[in-house]
Amino acid sequence: MSAGLPVRKFDAIVVGAGGAGMRASLQLAEAGLSVAVLSKVFPTRSHTVAAQGGIGAALGNMSEDSWLWHMYDTIKGSDWLGDQDAIEYMCKMAPRVVYELEHFGMPFDRNPDGTIWQRPFGGHSMNFGERPVQRACASADRTGHSMLHTLYQRNVRARTQFLVEWMALDLIRDADGDVLGVTALEMETGEVMILQAKATLFATGGAGRIFAASTNAFINTGDGLGMAARAGIPLEDMEMWQFHPTGVYAAGVLITEGVRGEGGILLNVNGERFMERYAPNLKDLASRDVVSRSMDQEIKEGRGCGPQKDHVLLKLDHLGPEIIIKRLPAIREIAIKFANVDPIREPIPVVPTIHYMMGGIPSNVHGQVVAPRDGDPNAVVNGLYAIGECACVSVHGGNRLGTNSLLDIIVFGRAAGNHVVEQNFARQSHKPLPKDAGNLSRSRLARLDAATSGEQVADVANTLRTTMQAHCGVFRNQQLLTEGVAKVTQIEQRVRRTAIKDKSKTFNTARVEALELDNLIEVAKATIVSAEARRESRGAQARSDYPARDDANWLRHTLWYREGNRLDYKPVNLKPMSVDAFPPKARTY
């Protein structure tokens, strides 16, 4: 027992049961470690299930391809904010991890010769930007769904232990700064427990619910980031949020880039294929930040569609019913349900929508969390790993290429699992828990349970989302961001004064939402403070008052610290592991 809380011990705890978490847990369970995977939802309901278009790997099944071209496209897509050593590692590993998934039983679409079928995707090219290449290994438009179910079945086979409908609350660190596990809430009973581990792996996904219009599930509340920030760990490049060009208008539901990979085109109110003006080479398959800004520009200049002229159209009827039904069945279903249009006959109304977080918890290629200490910028936090969207390796930099998200979670989920196994944690003993282990979580819950009056959690959360949407959108400027920082600071005070009417412990979703809001506010602060400070345009950070990229002053990563709400910086790694560097240059498509 510690601080009155029951304790359960494992070799490793994995927080999050999406693609990254389950790829890591599979390595751990198959190596014989005792591993528990916490998930707020049933594993196959994790947000990886929503990934549609594919997983990027230079297999060369459709035409000549190379991991080096993939690496170049990823660096260029990142607007040179990605670390070139990590990007090289990911792109080199891509074919291997895809073939592993194939051998696990993942049902990829096939070519007539039995090889994995691949489709084109935005920003992916052959011969260093010459022309589009088919690199996305797909399972129709349900690739994430197929991946998640495949990994879950393999974990069941490996006897991984799942703690379903559990929410991690806070990290436990000792006087040396080592991580010894987490406190966690069993949502069904309301019981709080310490889950002690020799290795703790965060795979908690993104935090898109800080914005009002988002493709993200309601569970994407930045729990890992909130826990890391409260434990004194910095958050990296949090100003870099990707707007996906094609969210369903007024619904936010994702329309995969695979639609444009299949030949779908964007049109303005005049029926003009406007991307030819902005990206004459790759057109509709330019990088996501480029396409989103182009759409936003069309709308701002009065060429949007609909009564409010506030969206554009995604046309795919020219592809023919056979291609749509075979390659894009879920997209057709989404369009009918959420936009009331059948894409076989009419275009889908779309608008840029918050989709993906390029920043996160700083980590290295082994998944180890990195936090500067005693003059060492690459000092690791012993016992703590971060993988997937909650982590910043950084392979995505200022803008993520489509299909690199599924690649990221598999490559680094696998790498982290392997590193934990290699560290021989199974043979080590647990370090003793500090006397105050669990006290932070107990005090957070005690505040909620004691509050008799205060604002409703949902009201404060909605204000936070509308504020972030208004002040940290596709285009930003000093006035918007400065006002946004002030407003988010005020909202933080309101978060501390929220109250829930239902004081019961069992099945209390209001209690869970209040705990999630504690995490959302940390992510929002990190995002808007980092965005206000970066006075340039790079990748997803598009500032109308600083329209140019400024490599002299800003070719560096942002580090935000919760204590003092302060920023620090570290250089981008421009040195690959084994090949010549790709020096920064103008980014055109």
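1. A polar contact of 3.3 Å links the side chains of His396 and Tyr356. This is a predicted model, and every value below is computed from it.

2. Where does His396 lie? His396 is in the loop between β18 (391–392) and α11 (404–422). Its relative accessibility is 4%, so His396 counts as buried; the cut-off for buried is under 20%.

3. Leaving out residues up to four places away in sequence, His396 touches Ser78, Tyr356, Met358, Asn404, Ser405 and Asp408.

4. Now the packing of α3 on α11. The two helices pack at an angle of about 90 degrees, and their axes are 9 Å apart. α3 is therefore roughly perpendicular to α11.

5. The axes of α2 (residues 67–77) and α3 (residues 84–104) come within 9 Å and cross at roughly 135 degrees. The two helices are therefore oblique to each other. The crossing of α2 past α3 is right-handed.

6. On the α2 side, the contact is made by Trp67, His70, Met71, Thr74 and Ile75. On the α3 side, Gln84, Ile87, Glu88, Met90, Cys91 and Lys92 take part. By class, the α2 contact with α3 has 6 nonpolar, 3 polar and 2 charged residues.

7. One more site: Ala542. This residue is found in the loop between α15 (509–533) and α16 (551–554). Is Ala542 buried or exposed? Ala542 has 3% relative accessibility and so counts as buried.

8. What does Ala542 touch, not counting residues up to four places away in sequence? The partners are Arg293, Val474, Phe475, Arg476 and Ser537. Ile299 is 243 residues from Ala542 along the chain, and 16 Å separates their C-alpha atoms.

Note on methods: Residues numbered from 1 in each chain as written. Predicted model: local features only at pLDDT ≥ 70, side-chain atom pairs only at ≥ 80, totals over all residues. Heavy atoms only, no water. Axes fitted to C-alpha atoms, helices over the stretch in contact; angles between N-to-C directions. Helix = DSSP H or I, 4+ residues; strand = E, 2+ residues; numbered from the N terminus. Parallel < 35°, antiparallel > 145°, perpendicular 65-115°, else oblique. Left-handed = near helix turned anticlockwise from the far one by under 90°. Contact = heavy atoms within 4.5 Å. Nonpolar A, V, L, I, M, F, W, Y, C, P; charged D, E, K, R; others polar. Buried < 20%, exposed > 50% of the residue type's maximum accessible area, 1.4 Å probe, protein only. Polar contact = N/O pair within 3.5 Å; in protein donor to acceptor, adjacent residues only side chain to side chain.
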